[in-house]
Amino acid sequence: MIHTGRHFLQIPGPTNVPDRVLRAMDQPVIDHRGPEFAELGLAILSGLREIFQTRGHVIVYPSSGTGACEAALINTLSAVDRVIIFETGQFSDVWHQIGERLGLDVDYVPGNWRRGASAADLEARLSSDTRHAVKAVVVVHNETSTGVTSRIPELRRVMNRLRHPALLIVDAISSLGSIDFRMDEWEVDVTACGSQKGLMVPPGLGFNAISEKALAANKNAKLPRSYWDWQEMLKHNQAGFFPYTPATNLLFGLREALTMMQEEGLANIFRRHVRHGEATRAAVRAWGLEIVCEEPLEYSNSMTAVFTPEGHDADRLRKIILEHFDMSLGAGLGKLAGKAFRIGHLGSFNDLMLAGTLSGVEMGLRLAGIPHKEGGIMAALNSLTPSGTRKPEPASVSR
Ligand SMILES: *Cc1c(COP(=O)(O)O)cnc(C)c1O
(Lines give C-alpha, C1' and ligand atoms only; values in the text may rest on other atoms or scores of the structure.)
Protein backbone atom coordinates (compact mmCIF):
# COMPACT_ATOMS: atom_id res chain seq x y z
CA MET A 1 0.00 0.00 0.00
CA ILE A 2 1.29 3.44 -0.90
CA HIS A 3 1.23 5.91 1.97
CA THR A 4 1.08 9.64 1.40
CA GLY A 5 1.99 12.41 3.81
CA ARG A 6 4.09 11.78 6.87
CA HIS A 7 4.49 8.59 8.83
CA PHE A 8 3.25 8.91 12.42
CA LEU A 9 5.99 7.56 14.68
CA GLN A 10 4.04 7.35 17.92
CA ILE A 11 6.10 4.76 19.72
CA PRO A 12 7.55 5.97 23.03
CA GLY A 13 10.96 6.26 21.49
CA PRO A 14 12.63 6.70 19.15
CA THR A 15 10.47 9.80 18.76
CA ASN A 16 9.89 12.20 15.87
CA VAL A 17 13.05 14.11 15.03
CA PRO A 18 12.38 17.80 14.26
CA ASP A 19 13.44 19.04 10.82
CA ARG A 20 15.76 21.54 12.50
CA VAL A 21 17.64 18.68 14.17
CA LEU A 22 17.79 16.68 10.93
CA ARG A 23 19.21 19.67 9.07
CA ALA A 24 21.74 20.36 11.80
CA MET A 25 23.08 16.83 11.34
CA ASP A 26 23.31 17.15 7.56
CA GLN A 27 26.85 18.51 7.60
CA PRO A 28 30.33 17.29 6.74
CA VAL A 29 31.99 15.43 9.59
CA ILE A 30 34.59 17.56 11.34
CA ASP A 31 37.91 16.70 12.97
CA HIS A 32 37.04 15.51 16.46
CA ARG A 33 40.42 16.73 17.72
CA GLY A 34 40.16 20.17 16.11
CA PRO A 35 39.18 23.60 17.52
CA GLU A 36 35.70 23.60 15.95
CA PHE A 37 34.90 20.38 17.74
CA ALA A 38 35.99 21.72 21.12
CA GLU A 39 33.37 24.46 20.81
CA LEU A 40 30.68 21.89 19.99
CA GLY A 41 31.72 19.63 22.84
CA LEU A 42 31.74 22.40 25.44
CA ALA A 43 28.37 23.78 24.26
CA ILE A 44 26.75 20.35 24.55
CA LEU A 45 28.23 19.45 27.91
CA SER A 46 27.02 22.73 29.40
CA GLY A 47 23.59 22.61 27.70
CA LEU A 48 22.97 19.10 28.99
CA ARG A 49 23.43 20.26 32.58
CA GLU A 50 20.36 22.47 32.28
CA ILE A 51 18.24 19.61 30.99
CA PHE A 52 19.35 17.25 33.78
CA GLN A 53 18.95 20.15 36.24
CA THR A 54 22.41 19.53 37.61
CA ARG A 55 25.62 21.40 38.24
CA GLY A 56 27.57 18.14 38.05
CA HIS A 57 29.19 16.41 35.10
CA VAL A 58 27.27 14.84 32.23
CA ILE A 59 29.02 12.14 30.23
CA VAL A 60 28.10 11.43 26.61
CA TYR A 61 28.68 8.00 25.09
CA PRO A 62 28.23 6.85 21.51
CA SER A 63 25.76 4.20 22.69
CA SER A 64 22.12 3.38 23.14
CA GLY A 65 20.49 3.97 26.52
CA THR A 66 21.27 0.44 27.69
CA GLY A 67 24.98 1.21 27.41
CA ALA A 68 24.48 4.18 29.73
CA CYS A 69 22.72 1.86 32.23
CA GLU A 70 25.68 -0.54 32.23
CA ALA A 71 28.09 2.40 32.54
CA ALA A 72 26.21 3.69 35.61
CA LEU A 73 26.72 0.37 37.41
CA ILE A 74 30.29 -0.47 36.45
CA ASN A 75 31.52 3.03 37.29
CA THR A 76 30.17 2.98 40.84
CA LEU A 77 30.13 -0.62 42.09
CA SER A 78 32.30 -3.65 42.81
CA ALA A 79 31.57 -7.35 42.27
CA VAL A 80 29.08 -8.83 44.75
CA ASP A 81 27.96 -5.40 45.96
CA ARG A 82 24.34 -5.56 47.04
CA VAL A 83 21.96 -3.54 44.86
CA ILE A 84 18.22 -2.96 45.18
CA ILE A 85 16.41 -2.77 41.85
CA PHE A 86 12.65 -2.13 41.70
CA GLU A 87 10.62 -4.26 39.31
CA THR A 88 8.47 -1.81 37.38
CA GLY A 89 8.35 -3.46 33.95
CA GLN A 90 10.42 -4.50 30.96
CA PHE A 91 13.08 -1.85 31.47
CA SER A 92 13.67 -2.65 35.12
CA ASP A 93 14.04 -6.27 33.91
CA VAL A 94 16.88 -5.04 31.70
CA TRP A 95 18.62 -3.44 34.71
CA HIS A 96 18.12 -6.68 36.65
CA GLN A 97 19.73 -8.65 33.85
CA ILE A 98 22.68 -6.26 33.55
CA GLY A 99 23.19 -6.37 37.32
CA GLU A 100 23.17 -10.18 37.38
CA ARG A 101 25.55 -10.45 34.44
CA LEU A 102 27.98 -8.06 36.12
CA GLY A 103 28.03 -10.28 39.20
CA LEU A 104 26.20 -7.89 41.53
CA ASP A 105 24.08 -9.23 44.37
CA VAL A 106 20.71 -8.00 43.12
CA ASP A 107 17.66 -7.70 45.36
CA TYR A 108 14.91 -7.41 42.72
CA VAL A 109 11.92 -5.95 44.53
CA PRO A 110 8.80 -7.50 42.97
CA GLY A 111 6.21 -5.25 41.36
CA ASN A 112 2.95 -5.76 39.44
CA TRP A 113 3.89 -3.64 36.38
CA ARG A 114 1.02 -1.25 37.15
CA ARG A 115 2.62 0.83 39.88
CA GLY A 116 5.91 2.59 40.48
CA ALA A 117 8.66 1.81 42.97
CA SER A 118 7.22 1.61 46.48
CA ALA A 119 8.68 3.90 49.16
CA ALA A 120 7.31 1.50 51.82
CA ASP A 121 9.20 -1.45 50.27
CA LEU A 122 12.37 0.64 50.18
CA GLU A 123 11.91 1.66 53.80
CA ALA A 124 11.44 -1.97 54.90
CA ARG A 125 14.58 -3.09 53.10
CA LEU A 126 16.87 -0.24 54.06
CA SER A 127 15.82 -0.07 57.70
CA SER A 128 16.85 -3.71 58.20
CA ASP A 129 20.16 -3.04 56.43
CA THR A 130 21.86 -1.59 59.50
CA ARG A 131 25.32 -2.60 58.27
CA HIS A 132 24.83 -0.76 54.98
CA ALA A 133 25.42 -3.75 52.73
CA VAL A 134 23.21 -2.13 50.08
CA LYS A 135 25.43 0.04 47.89
CA ALA A 136 22.88 1.30 45.38
CA VAL A 137 19.15 1.68 44.77
CA VAL A 138 18.13 1.55 41.11
CA VAL A 139 14.82 2.96 39.87
CA VAL A 140 13.40 3.47 36.40
CA HIS A 141 11.85 6.93 36.64
CA ASN A 142 9.39 6.53 33.78
CA GLU A 143 8.77 2.84 33.01
CA THR A 144 8.29 2.95 29.26
CA SER A 145 6.73 -0.50 29.05
CA THR A 146 3.83 0.42 31.35
CA GLY A 147 3.44 4.21 31.40
CA VAL A 148 4.10 4.47 35.12
CA THR A 149 6.26 7.26 36.60
CA SER A 150 7.88 6.48 39.93
CA ARG A 151 8.04 9.21 42.57
CA ILE A 152 11.78 9.68 42.98
CA PRO A 153 11.64 12.39 45.70
CA GLU A 154 9.70 10.04 48.01
CA LEU A 155 12.33 7.35 47.60
CA ARG A 156 15.10 9.83 48.29
CA ARG A 157 13.28 11.02 51.43
CA VAL A 158 13.25 7.44 52.75
CA MET A 159 16.98 7.08 52.13
CA ASN A 160 17.71 10.41 53.84
CA ARG A 161 15.46 9.71 56.81
CA LEU A 162 17.28 6.42 57.42
CA ARG A 163 20.64 8.11 56.73
CA HIS A 164 21.41 5.27 54.35
CA PRO A 165 24.51 5.95 52.25
CA ALA A 166 23.51 3.89 49.17
CA LEU A 167 23.73 5.61 45.81
CA LEU A 168 20.46 6.48 44.07
CA ILE A 169 20.73 5.47 40.41
CA VAL A 170 17.88 6.51 38.12
CA ASP A 171 16.98 5.56 34.56
CA ALA A 172 15.49 8.75 33.09
CA ILE A 173 15.67 7.55 29.49
CA SER A 174 12.01 8.23 28.70
CA SER A 175 11.47 11.11 31.12
CA LEU A 176 14.38 13.49 30.63
CA GLY A 177 13.19 16.46 28.59
CA SER A 178 9.52 15.46 28.87
CA ILE A 179 8.67 14.79 32.53
CA ASP A 180 10.08 16.93 35.32
CA PHE A 181 13.31 15.37 36.53
CA ARG A 182 15.63 17.19 38.96
CA MET A 183 18.99 15.53 39.36
CA ASP A 184 20.43 17.84 42.05
CA GLU A 185 17.29 18.75 43.98
CA TRP A 186 16.27 15.08 44.25
CA GLU A 187 19.86 14.09 45.12
CA VAL A 188 20.12 11.51 42.38
CA ASP A 189 23.65 10.13 42.16
CA VAL A 190 23.71 8.74 38.65
CA THR A 191 21.16 9.37 35.91
CA ALA A 192 21.23 7.19 32.81
CA CYS A 193 19.68 8.55 29.64
CA GLY A 194 19.55 8.17 25.86
CA SER A 195 19.11 10.59 22.97
CA GLN A 196 16.06 9.23 21.17
CA LYS A 197 13.14 10.01 23.46
CA GLY A 198 12.44 13.38 25.07
CA LEU A 199 15.63 14.85 23.64
CA MET A 200 14.32 14.51 20.04
CA VAL A 201 17.63 13.25 18.62
CA PRO A 202 18.01 9.97 16.67
CA PRO A 203 19.14 6.91 18.65
CA GLY A 204 22.85 6.56 19.33
CA LEU A 205 23.82 8.72 22.31
CA GLY A 206 23.87 7.53 25.93
CA PHE A 207 24.31 9.77 28.97
CA ASN A 208 25.43 9.52 32.58
CA ALA A 209 24.86 12.54 34.80
CA ILE A 210 26.89 12.09 37.98
CA SER A 211 26.87 13.56 41.48
CA GLU A 212 29.92 14.31 43.63
CA LYS A 213 29.07 11.27 45.72
CA ALA A 214 28.98 9.04 42.64
CA LEU A 215 32.30 10.47 41.54
CA ALA A 216 33.76 9.55 44.93
CA ALA A 217 32.29 6.02 44.66
CA ASN A 218 33.89 5.76 41.24
CA LYS A 219 37.37 5.98 42.80
CA ASN A 220 36.78 2.76 44.77
CA ALA A 221 34.54 0.88 42.32
CA LYS A 222 36.27 -2.31 41.23
CA LEU A 223 34.07 -3.63 38.41
CA PRO A 224 36.27 -3.82 35.29
CA ARG A 225 35.74 -1.05 32.75
CA SER A 226 37.68 0.62 29.99
CA TYR A 227 35.52 2.06 27.21
CA TRP A 228 32.92 3.26 29.72
CA ASP A 229 35.35 4.69 32.27
CA TRP A 230 34.24 8.10 33.60
CA GLN A 231 37.72 9.32 34.56
CA GLU A 232 39.09 9.03 31.05
CA MET A 233 36.00 10.84 29.71
CA LEU A 234 36.13 13.65 32.26
CA LYS A 235 39.80 14.25 31.55
CA HIS A 236 39.14 14.85 27.85
CA ASN A 237 35.78 16.61 28.38
CA GLN A 238 37.46 19.47 30.25
CA ALA A 239 38.59 20.87 26.91
CA GLY A 240 35.43 19.72 25.03
CA PHE A 241 36.97 16.53 23.63
CA PHE A 242 36.41 12.79 23.96
CA PRO A 243 38.89 9.94 24.53
CA TYR A 244 37.71 8.18 21.35
CA THR A 245 35.76 9.17 18.25
CA PRO A 246 32.40 10.60 19.32
CA ALA A 247 29.21 10.40 17.23
CA THR A 248 29.98 13.80 15.71
CA ASN A 249 26.84 14.28 13.62
CA LEU A 250 24.52 13.15 16.39
CA LEU A 251 26.19 15.80 18.51
CA PHE A 252 25.36 18.42 15.84
CA GLY A 253 21.77 17.26 16.20
CA LEU A 254 21.92 17.33 19.98
CA ARG A 255 23.25 20.91 19.97
CA GLU A 256 20.24 22.00 17.89
CA ALA A 257 17.80 20.05 20.08
CA LEU A 258 19.24 21.70 23.20
CA THR A 259 18.77 25.10 21.56
CA MET A 260 15.14 24.23 20.78
CA MET A 261 14.56 23.13 24.36
CA GLN A 262 16.09 26.34 25.65
CA GLU A 263 13.79 28.35 23.38
CA GLU A 264 10.70 26.56 24.65
CA GLY A 265 11.85 26.47 28.28
CA LEU A 266 11.88 23.37 30.48
CA ALA A 267 8.79 24.38 32.45
CA ASN A 268 6.79 24.84 29.24
CA ILE A 269 8.05 21.51 27.90
CA PHE A 270 6.83 19.75 31.04
CA ARG A 271 3.46 21.55 30.89
CA ARG A 272 2.99 20.55 27.26
CA HIS A 273 3.57 16.90 28.14
CA VAL A 274 1.13 17.12 31.05
CA ARG A 275 -1.59 18.45 28.72
CA HIS A 276 -0.97 15.72 26.18
CA GLY A 277 -0.90 13.03 28.84
CA GLU A 278 -4.20 14.24 30.28
CA ALA A 279 -5.87 14.47 26.87
CA THR A 280 -4.70 10.97 25.94
CA ARG A 281 -6.07 9.50 29.16
CA ALA A 282 -9.36 11.35 28.61
CA ALA A 283 -9.65 9.61 25.24
CA VAL A 284 -8.82 6.19 26.65
CA ARG A 285 -11.42 6.57 29.41
CA ALA A 286 -14.07 7.70 26.92
CA TRP A 287 -13.35 4.62 24.80
CA GLY A 288 -14.00 2.57 27.92
CA LEU A 289 -10.54 0.98 27.75
CA GLU A 290 -8.25 0.41 30.70
CA ILE A 291 -5.03 2.33 31.35
CA VAL A 292 -2.22 0.03 32.51
CA CYS A 293 -1.09 2.46 35.24
CA GLU A 294 -3.42 2.03 38.19
CA GLU A 295 -2.14 4.89 40.37
CA PRO A 296 -3.25 8.33 39.14
CA LEU A 297 -0.32 9.97 40.96
CA GLU A 298 1.98 7.89 38.76
CA TYR A 299 0.44 8.44 35.33
CA SER A 300 3.16 8.95 32.76
CA ASN A 301 2.90 12.13 30.74
CA SER A 302 5.28 10.94 28.03
CA MET A 303 3.36 7.83 27.00
CA THR A 304 0.25 5.82 27.82
CA ALA A 305 -0.08 2.04 27.85
CA VAL A 306 -3.59 0.77 27.21
CA PHE A 307 -5.05 -2.72 27.67
CA THR A 308 -7.15 -4.15 24.86
CA PRO A 309 -10.22 -6.01 26.13
CA GLU A 310 -9.78 -9.71 26.98
CA GLY A 311 -9.57 -11.82 23.82
CA HIS A 312 -8.54 -8.92 21.56
CA ASP A 313 -4.95 -8.98 20.36
CA ALA A 314 -3.24 -5.60 20.77
CA ASP A 315 -0.66 -6.49 18.11
CA ARG A 316 -3.41 -7.09 15.56
CA LEU A 317 -4.76 -3.62 16.36
CA ARG A 318 -1.32 -2.08 15.88
CA LYS A 319 -0.91 -3.93 12.57
CA ILE A 320 -4.24 -2.65 11.28
CA ILE A 321 -3.38 0.91 12.32
CA LEU A 322 0.02 0.70 10.63
CA GLU A 323 -1.48 -0.66 7.40
CA HIS A 324 -4.38 1.77 7.17
CA PHE A 325 -3.03 4.94 8.70
CA ASP A 326 0.75 4.58 8.47
CA MET A 327 1.12 5.06 12.23
CA SER A 328 3.47 3.06 14.48
CA LEU A 329 2.34 2.49 18.05
CA GLY A 330 4.39 0.80 20.76
CA ALA A 331 3.92 -2.93 21.29
CA GLY A 332 3.12 -4.47 24.64
CA LEU A 333 6.50 -5.60 26.02
CA GLY A 334 7.33 -8.66 28.10
CA LYS A 335 4.30 -9.94 29.93
CA LEU A 336 2.12 -7.26 28.33
CA ALA A 337 2.82 -8.60 24.81
CA GLY A 338 -0.43 -8.81 22.85
CA LYS A 339 -2.39 -7.48 25.83
CA ALA A 340 -1.54 -3.78 25.66
CA PHE A 341 -0.38 -1.15 23.19
CA ARG A 342 1.47 2.06 23.93
CA ILE A 343 0.88 5.58 22.64
CA GLY A 344 3.94 7.79 22.67
CA HIS A 345 3.18 11.48 23.24
CA LEU A 346 6.64 12.84 23.92
CA GLY A 347 9.37 14.80 22.24
CA SER A 348 8.67 16.90 19.16
CA PHE A 349 4.89 16.90 19.35
CA ASN A 350 1.86 19.20 19.35
CA ASP A 351 -1.92 19.28 19.80
CA LEU A 352 -2.78 18.39 16.21
CA MET A 353 -0.27 15.54 16.11
CA LEU A 354 -1.95 14.20 19.25
CA ALA A 355 -5.41 14.63 17.69
CA GLY A 356 -4.20 12.76 14.60
CA THR A 357 -2.62 10.03 16.72
CA LEU A 358 -5.77 9.47 18.77
CA SER A 359 -7.92 9.55 15.61
CA GLY A 360 -5.76 6.77 14.21
CA VAL A 361 -6.30 4.74 17.37
CA GLU A 362 -10.08 5.28 17.35
CA MET A 363 -10.41 4.37 13.67
CA GLY A 364 -8.18 1.35 14.29
CA LEU A 365 -10.38 0.17 17.16
CA ARG A 366 -13.34 0.34 14.78
CA LEU A 367 -11.58 -1.53 11.96
CA ALA A 368 -10.27 -4.19 14.36
CA GLY A 369 -13.76 -4.76 15.76
CA ILE A 370 -12.57 -4.07 19.30
CA PRO A 371 -15.50 -3.18 21.56
CA HIS A 372 -15.26 0.44 22.66
CA LYS A 373 -17.39 3.53 23.09
CA GLU A 374 -17.23 6.41 20.63
CA GLY A 375 -16.20 9.89 21.63
CA GLY A 376 -12.59 9.43 22.62
CA ILE A 377 -11.45 12.13 20.21
CA MET A 378 -14.05 14.58 21.48
CA ALA A 379 -12.96 13.91 25.06
CA ALA A 380 -9.35 14.60 24.09
CA LEU A 381 -10.25 17.83 22.29
CA ASN A 382 -12.29 18.97 25.27
CA SER A 383 -9.35 18.23 27.50
CA LEU A 384 -7.02 20.27 25.27
CA THR A 385 -9.40 23.22 24.92
CA PRO A 386 -12.03 23.08 27.67
CA SER A 387 -15.08 25.08 26.59
CA GLY A 388 -15.33 28.53 28.15
CA THR A 389 -11.59 28.84 28.71
CA ARG A 390 -9.23 30.73 26.49
CA LYS A 391 -5.75 29.49 26.05
CA PRO A 392 -3.27 31.95 27.55
CA GLU A 393 -0.59 33.44 25.37
CA PRO A 394 2.29 31.02 25.16
CA ALA A 395 5.06 32.17 27.47
CA SER A 396 7.65 30.31 25.49
CA VAL A 397 8.93 32.77 22.93
CA SER A 398 11.20 34.83 25.11
CA ARG A 399 14.57 33.37 25.94
C1 LIG B 1 14.25 3.10 25.80
C2 LIG B 1 14.57 2.77 27.20
C3 LIG B 1 15.67 2.00 27.55
C4 LIG B 1 16.57 1.36 26.54
O5 LIG B 1 17.27 2.26 25.78
P6 LIG B 1 18.00 1.77 24.45
O7 LIG B 1 18.40 3.05 23.81
O8 LIG B 1 17.01 0.98 23.65
O9 LIG B 1 19.17 0.96 24.85
C10 LIG B 1 15.92 1.77 28.89
N11 LIG B 1 15.13 2.27 29.85
C12 LIG B 1 14.03 3.01 29.55
C13 LIG B 1 13.17 3.54 30.65
C14 LIG B 1 13.71 3.28 28.21
O15 LIG B 1 12.63 4.00 27.92
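Domain bounds here come from an automatic or database domain assignment. On that basis the protein chain splits into domain 1 (8-14 + 266-384) and domain 2 (19-263). This is a predicted model, in which local features need pLDDT of at least 70 and side-chain atom pairs count only at pLDDT 80 or more, while totals for chains, interfaces and linings use all residues. Residues are numbered from 1 along each chain as its sequence is written, and side-chain values use heavy atoms, with hydrogens and water left out.

Let's start with how the two domains sit together. The C-alpha centres of domain 1 and domain 2 are 27 Å apart. Their contact (heavy atoms within 4.5 Å) draws 30 residues from domain 1 and 32 residues from domain 2. Between them the two domains bury about 2600 Å², with 57% of it on carbon and sulfur atoms; buried area means the accessible area (1.4 Å probe) that two parts lose on being put together, summed over both. Over in domain 1, the residues that lose the most area to domain 2 are F270, E294 and E298, which together make up 24% of what that side buries.

What about polar links across the interface? There are 15 residue pairs in polar contact between domain 1 and domain 2, both residues being at pLDDT 80 or more. A polar contact is a pair of N or O atoms within 3.5 Å; within protein, one must be able to donate a hydrogen and the other to accept it, and residues adjacent in sequence count only if both atoms are side-chain atoms. The interface also has 5 salt bridges, each a side-chain nitrogen of Lys or Arg within 4 Å of a carboxyl oxygen of Asp or Glu.

Looking at the structure as a whole, you'll find 22 salt bridges. One of them joins R20 and E256, whose closest N and O atoms are 2.8 Å apart. R20 belongs to helix α1 (residues 19-25) and E256 to helix α9 (residues 248-264), so this pair ties together parts that are 236 residues apart in sequence. Helices (H or I, at least four residues) are DSSP runs, numbered from the N terminus.

Now for the ligand. Its surroundings include S64, G65, T66, F91, V140 and N142, where a residue counts as near if one of its heavy atoms lies within 4 Å. A polar backbone atom of G65 is 2.8 Å from an oxygen atom of the ligand. D171 brings a polar side-chain atom to 2.7 Å from a ligand nitrogen atom, and an N or O atom in the side chain of Q196 is 2.7 Å from a ligand oxygen atom.

How values were computed:
Helices (H or I, at least four residues) and strands (E, at least two) are DSSP runs, numbered from the N terminus.
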